[in-house]
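This report describes the architecture of the structure shown below, chain by chain, with attention to selected helices and residues.

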Amino acid sequence: MSGAHPAFLVFVPALSGLCLVGFGSRRWGAGPAFAAALVCLAVLAGTVALAAGLAPQAGVVGGWPEPVGIRVELDRMGTLVVAVAAVVIGLACLYAAGEGGYDAKFHGLMLVLLAGAVGLCGARDLFNAFVWLELVSIVACILIAYRGGRRAVEAAFDYLMASGLGMVFFLVGVALVYRQVGTLAMSDLAGFTGKGPVIRAGAALCVAGVGLKAALAPLHVWLPAAHGEAPTPVSATLSGVMVKASFVALARLLGAFDIGFLGGAVMVLGAAGAVGAALLALAQSDPKRLLAYSTVSQMGFVLAALGAGATGPALAHACFHAAFKSLLFLCAGYAIALSGTRDISKMGGLLRISPAMGVALLVGAAAMSGVPGTSGFLSKSAVAGGVPTAVFAALLLAAAGTVAAMAKLCAMLFGRGRRAPVCEPLTGFRLVPLVVLAAGCIVPGVLPGPAMRLFGLGPPAGAGAMLSALAALLLGVATFLLTRGAWWGAVSRLLRRREPALGRMLFVIYVATAALAAGSVFVR
Amino acid sequence: MNPLVVAAVLLVQVGGAGMILQRDGFRRVVSLAVASSGAVLLWTGIGWRPGATAPIDVAAQAAVVDPLPQAVTLTAIVIGLATTAVGLALLLAARDE
């Protein structure tokens, strides 16, 4: 096809989303949700065409030849994340239609978010990446606060401030790089040799600014509130799309700068975040907050693998995590509506009340825990094969913590609990996303061949991987049983009370160090 | 050392400190605006050349400033405006809840 261009994948959702925002009417009912799902389907079809070689992967926008025109390129990593983003956003729009109370503007903004994610995945220079990062976070803020509610609005505001600070980091970092190199194209940066202290400082600032959005500890402090308090379809989208698109940008940055200590720092911070956030997830009493902390933990796995240079496993875990975390968020949101409480200890017996949701939750939790035969096992064992031994040990602990947190989440399916007086049954639009996402967790686990080729993973996991998965499962179940006692209730209350201050302190130390380092580079 | 660049870095640091140390929402929005104008000033300082004019409708041999930092600057100003607007709207929404 001569007219095909990868930028269409940005224009189509952006224009249709803006039309919905501008002209959408309340009288259209579920129409906008369908329209949004169709546009997502079109974007998915576009990525399939790209992957099959029917359309060019790269193109130049702006009417100028390459050095001046803006290069857009969707390589395999970008195409895969765009496909996942399109699927997750389409399903989230359908779920929103089933839940009710979302108007055409909401679906339009979801499409704009998709356009931003596509643009970010295709961005090949630092300037372009900056614009898309800002667009994605501003739209995400509006979506987090969409249903109102004091806590959601405050979470959105905190997120806006954190991401604004991250983007100031990024701008200053890019300025440092540009002053030395004189170009913003990532391909030129990769070829630039003789990286002095100025470029190193600039690169570190850029990585910190993007890492903030990809939940790199300790810059994740905004995430649990934002993902936990957002409306349910938005929570699913945030962890399925936004964090993943930022991950692609981070991977591109690390590849372009190619500075050893940055990769090492991302690896160590990722592993530390994986362990710490798994512990904090276990200490939560709100199911959506638990899942939000577990997003930080799982992104820790992804970033540790990325920092260690195992890009394929990192990408695989990022994509699989998008499927099972979105599934779990949708299930948790429905479970909250079903039981009329957000306190996990007061929820129970939900498997009997809603078997479909219960089974979907079990599937998602199994995939997240890395049970053999699910997608999580595949990607976690690939990650384990790509990191050094010390990081592997930390990730094994984090995996055990994940299993314990998932067991705590699944406990609400059994036993006795109270039930909300009014809740719509789980049918139609809300059931379809659960089924599709659950299939996305199971199919790569049962048929690992195509998935492994797609993500470029190594030979299939052997006995060692099975053994470490079993060890994590056993350790996790033991932890879960141990933490059922009253003592853990006291400890987790303490953790929940102290954690914001501690996270803030780490954040301040980190930012102050970065600011001083940047300042010293200039003043020298 | 270009004094413009030093002033810009100081602005970024003051604004950043305000953002993480202030509790009041409005002051945090203002701090973000200060920090991002520092970043804008930094980019302007990078593109600046002594005696050069703006790269608009000039002869081929004329000394012009680097146009790319100007594009970055404009974009950053627009995005900063949007961020400030959304931040203030969220503050109002939080107050009305």
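## Overall fold of chain A

In this predicted model, chain A contains 21 helices and two strands. Its radius of gyration is 22 Å, which agrees with the value near 24 Å that a compact globule of 524 residues would have. Along the principal axes, the C-alpha trace of chain A extends over about 65 × 55 × 45 Å.

Of the 524 residues of chain A, 60% are classed as buried. Among contacts in chain A with a separation of 6 or more, 82% involve residues 24 or more positions apart.

## Surface and charge of chain A

Chain A carries 35 positive and 16 negative side chains. The centres of these two sets of charges are separated by 9 Å.

Helix 3 of chain A covers residues 76-99, a run of 24 residues. From its first C-alpha to its last it reaches 34 Å, close to the 34 Å expected at 1.5 Å a residue. Helix 3 is mostly covered, with 19 of its 24 residues buried. Just after this helix, Gly100(A) adopts a positive phi of about 85°.

Helix 4 of chain A, formed by residues 104-122, has 19 residues. Its reach from first to last C-alpha is 27 Å, close to the expected 27 Å at 1.5 Å a residue. Helix 4 is largely enclosed by the rest of the structure, because 18 of its 19 residues are buried.

Thr47(A) belongs to helix 2 of chain A, which comprises residues 31-51. With a relative accessibility of 3%, Thr47(A) counts as buried, since the class requires a value under 20%. When residues up to four places away in sequence are not counted, Thr47(A) touches Leu9(A), Thr79(A), Val82(A) and Ala83(A).

Arg27(A) is located in the loop between helix 1 (8-23) and helix 2 of chain A. Its relative accessibility of 77% means that Arg27(A) counts as exposed, the cut-off for that class being over 50%. Arg27(A) and Gly240(A) are 213 residues apart in sequence, and their C-alpha atoms are 30 Å apart in space.

## Overall fold of chain B

Chain B has three helices and zero strands, and along the sequence its pattern reads α-α-α. Its radius of gyration of 17 Å is well over the 13 Å given by the globule rule for 97 residues, so chain B is more spread out than a compact globule. Along the principal axes, the C-alpha atoms of chain B fill a box of roughly 60 × 30 × 15 Å.

Buried residues account for 38% of the 97 residues in chain B. Of the contacts in chain B with a separation of 6 or more, 49% link residues 24 or more positions apart.

## Surface and charge of chain B

The accessible surface of chain B amounts to about 5300 Å², with 68% belonging to carbon and sulfur atoms. Chain B has 5 positive and 5 negative charges.

Definitions and conventions: Residues numbered from 1 in each chain as written. Chains lettered and ligands numbered in written order. Predicted model: local features only at pLDDT ≥ 70, side-chain atom pairs only at ≥ 80, totals over all residues. Heavy atoms only, no water. Helix = DSSP H or I, 4+ residues; strand = E, 2+ residues; numbered from the N terminus. Rg over C-alpha atoms; globule rule 2.2 N^0.38 Å. Buried < 20%, exposed > 50% of the residue type's maximum accessible area, 1.4 Å probe, protein only. Contact = heavy atoms within 4.5 Å. Lys, Arg positive; Asp, Glu negative; His and termini not counted. Charge placed at Lys NZ, Arg CZ, Asp CG, Glu CD. Expected span 1.5 Å × (residues − 1). Areas by Shrake-Rupley, 256 points an atom, 1.4 Å probe, with all protein chains shown as cover.
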